[in-house]
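Hi,

Here's the structure I promised to pass on.

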Amino acid sequence: MVFGIMARAVEYNGNDAARIHHLIRVHSFARIIGKADHFDENHQKIAELAAVLHDIGIHNCEKKYHSTDGKYQEIEGELVAREILEEYNVPEWITDRVCYIVGHHHTLSAIDGLDFQAVVEADILVNIFDKKITDKERIALIRDKIFRTKKGKQLIEQMYLSGDYSSDNN
């Protein structure tokens with residue numbers, strides 16, 4: 001199920017290589033976090049699906065609002081995510097949960113479970129790199145304010161807070 005929806009999300013993003021790379025990397029980190037923190041099968045599936053679809057409405061935001069602002073992504077993303085999940089006959093309760101996460105993934109106060117937490121942490125891990133954030137104090141503040149999973153904390157430490165992290169080292 002996750003693979004098919006990921007392939008559909010890649011197709012949906014067309015020739016937008018940056019967004020395709022983003023969704024694949026966020027999915028990979030969400031998968032790692034869930035597996036390492038021993039999510040049950042349902043929470044793992046939800047985290048992975050929400051990670052794949054978290055930014056799926058971004059093209060609609062650009063067309064409708066001429067913006068990629070998070071509030072617009074939440075509005076547009078939930079609608080597109082629901083359409084895709086329904087194409088794949090995902091059970092309604094999973095669809096509802098994934099759409100809740102997609103529809104609130106820029107609203108940290110809405111985080112209400114480890115599946116949602118894993119998606120947010122995975123997105124931040126990718127965004128720190130993509131936005132070339134190298135200020136360790138800022139990264140430590142992000143870690144302390146947002147990160148809750150054991151593996152997410154370990155990843156942010158390993159990747160960005162220990163050693164000589166530089167976004168140019170790729």
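In this predicted model, Leu 53 and Val 98 touch the most other members of the largest nonpolar core, which has 49 residues. By nonpolar core I mean buried Ala, Val, Leu, Ile, Met, Phe, Trp, Tyr and Cys residues joined through side-chain atoms within 4.5 Å; buried is under 20% relative accessible area, exposed over 50%, partly exposed in between (1.4 Å probe, protein chains only). Helices that each supply at least two residues include α3 (41–53), α5 (70–87), α6 (92–102) and α7 (114–130), with α7 giving the most, at nine. Helices are DSSP runs (H or I, at least four residues), numbered from the N terminus.

Beyond its neighbours within four places in sequence, Val 98 is in contact (heavy atoms within 4.5 Å) with Ile 46, Leu 49, Ala 50, Leu 53 and Leu 85. Val 98 is one of the buried residues of α6, along with Ile 94, Thr 95, Arg 97, Cys 99, Ile 101 and Val 102. Their cover includes α3, α5 and α7.

As for disulfides (cysteine sulfur pairs within 2.5 Å), there are zero. Cys 61 is in none, its nearest cysteine sulfur being that of Cys 99, 15 Å away, which is too far for a bond. Cys 61 is buried at 0% relative accessible area, and Cys 99 is buried at 0% too.

Bookkeeping: residues are numbered from 1 along each chain as its sequence is written, and side-chain values use heavy atoms, leaving out hydrogens and water. Local features need pLDDT of at least 70 and side-chain atom pairs count only at pLDDT 80 or more, while totals for chains, interfaces and linings use all residues.

Cheers
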